Amino acid sequence: MAAISTGATPRREPRRTVALTVRVFGLDADGKPVNCECSTVDISTHGVRLIGAQHWRPGEVVGIRHGSEKGRFRIIWIGPAGSHAESQIGLQAVEVSRHFWGATMPQFPAVANTTSIGSRIGGVTEGTPKPGRLSSVSSPFPYADKRRHSRLRCNGGVKIIINSVTHWGTIIDISAGGCYVECPSTYPVGQVIYVKAGIDDLNFETDAVVRVSHPGMGMGLEFIRTAVADRNKLEEYVAELARDPNRVRS
C-alpha cells in the first residue's frame, strides 16, 4: 500500500512502506483486554502506521509484538471514518529495542523527501510530540536509556502479592535494580508490592515499588529492601545474562 501523502510538512524521520503482521494488545475503550492481529502500513525508527485496529483512542498506550520483540507505543492519531486513512492508526514508540523491526528497519539519510500525514487526515498538529520526546521514566532505545542499570531481555514468571491478593505476570526484561512485568492487573506508580520471581534457574523474592504503570499491559518495577542472598543471586544472574544476551530462553 502506498504511503499517504498530503503535501504537508516534511516528516521528521524517514519511513519504509512495508506490510508486517504484528499483534496489538491492551485495554479497549470499555476497559476490556484486547489482543488482535494488525498489519503495518509503514514503519520508522520511532513510529509505525497500522491498519486493522479499531479498539482504541488517541493518547492511549498499547503493546505491539513483532516476532519475539515486544514494545509499547502511544496512539497519536486515528484515521477519520470516510477518509482514505480510515481503519489506520499512527503510533509513536514509548519503549522498544533498537532491533524491534529487525532487518526491515528503515536505513535512510537523515533528510528524506517524504511528507507527513497532516492534521486534515490524522489529527497530527504542531503540538504532536516529536519522536524522541518521551517520558523520563521510559526511553525508546538502549543508547538513550537513563536508568542506573541496563535492562536485559528475559522470559520468566512472577507472582505479585499485595494485601493478600495474588496476581501473576511475565517478566520480559530485568536488571540488578528492577524489571518490567507484563500483566493485566496493574497498580499505580508509587505502590509497593511483594514479588516472587522465577527466570531460568534464578528464583528470588523482594519488595518492589511501581515506577511505570501501563494499565492492562504491565508495570516497571524497582526492587527495594532485597535480602542480601537474593540480591547476590540476582546480580550474578544479570551478569551472566549480560555476557550472553542473545541466548534463547523458554
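Predicted model: local features only at pLDDT ≥ 70, side-chain atom pairs only at ≥ 80, totals over all residues.
Residues are numbered from 1 along each chain as its sequence is written, and side-chain values use heavy atoms, with hydrogens and water left out.

Let's start with the overall picture. The chain holds two helices and 13 strands; here helices (H or I, at least four residues) and strands (E, at least two) are DSSP runs, numbered from the N terminus. Of the 250 residues in the chain, 46% are buried. Buried means under 20% relative accessible area, exposed means over 50%, and partly exposed is in between (1.4 Å probe, protein chains only). Now think of contacts, meaning heavy atoms within 4.5 Å. Among contacts between residues at least 6 apart in sequence, 59% join residues at least 24 apart.

Two strands pair if DSSP finds at least two bridges between them. β5 runs antiparallel to strand β2 (residues 21–27), and three bridges join the two. One place to look is Gly63 in β5, the bridge partner of Phe25. β5 also pairs with strand β6 (residues 69–78), in the antiparallel sense over six bridges. In this pairing, Ile64 stands opposite Gly71 in β6. The hairpin of β5 and β6 has two residues between the strands, and Gly67 in this hairpin takes a positive phi near 65 degrees.

Next, find Glu95 in strand β7 (residues 88–95). Glu95 counts as buried because its relative accessibility is 11%. The side chain of Glu95 joins that of Arg72 in a polar contact of 2.2 Å. A polar contact is a pair of N or O atoms within 3.5 Å; within protein, one must be able to donate a hydrogen and the other to accept it, and residues adjacent in sequence count only if both atoms are side-chain atoms.

Asn163 has a phi near 55 degrees, a positive value in a residue other than glycine. Ser164 also has a positive phi, near 70 degrees, and is a residue other than glycine. Are these residues buried or exposed? Asn163 counts as exposed because its relative accessibility is 71%, and Ser164 counts as exposed at 74%.

Finally, turn to helix α2 (residues 228–243). Its 16 residues reach 23 Å from the first C-alpha to the last, close to the 22 Å expected at 1.5 Å a residue; the expected span is 1.5 Å times one less than the number of residues. Asp230, Leu234, Tyr237, Val238 and Leu241 are buried in α2. Seen down the axis of α2, its buried residues fall within an arc of 100 degrees, so they line one face of the helix. That arc is taken from the directions from the helix axis to the C-beta atoms. An α-helix has 3.6 residues a turn, so residues three or four places apart point the same way. The buried residues of α2 pack against β8, β9, β11 (192–199), β12 (202–214) and β13 (218–224). On the face turned away from the buried side, α2 carries the exposed residues Val228, Ala229, Glu236 and Arg243.
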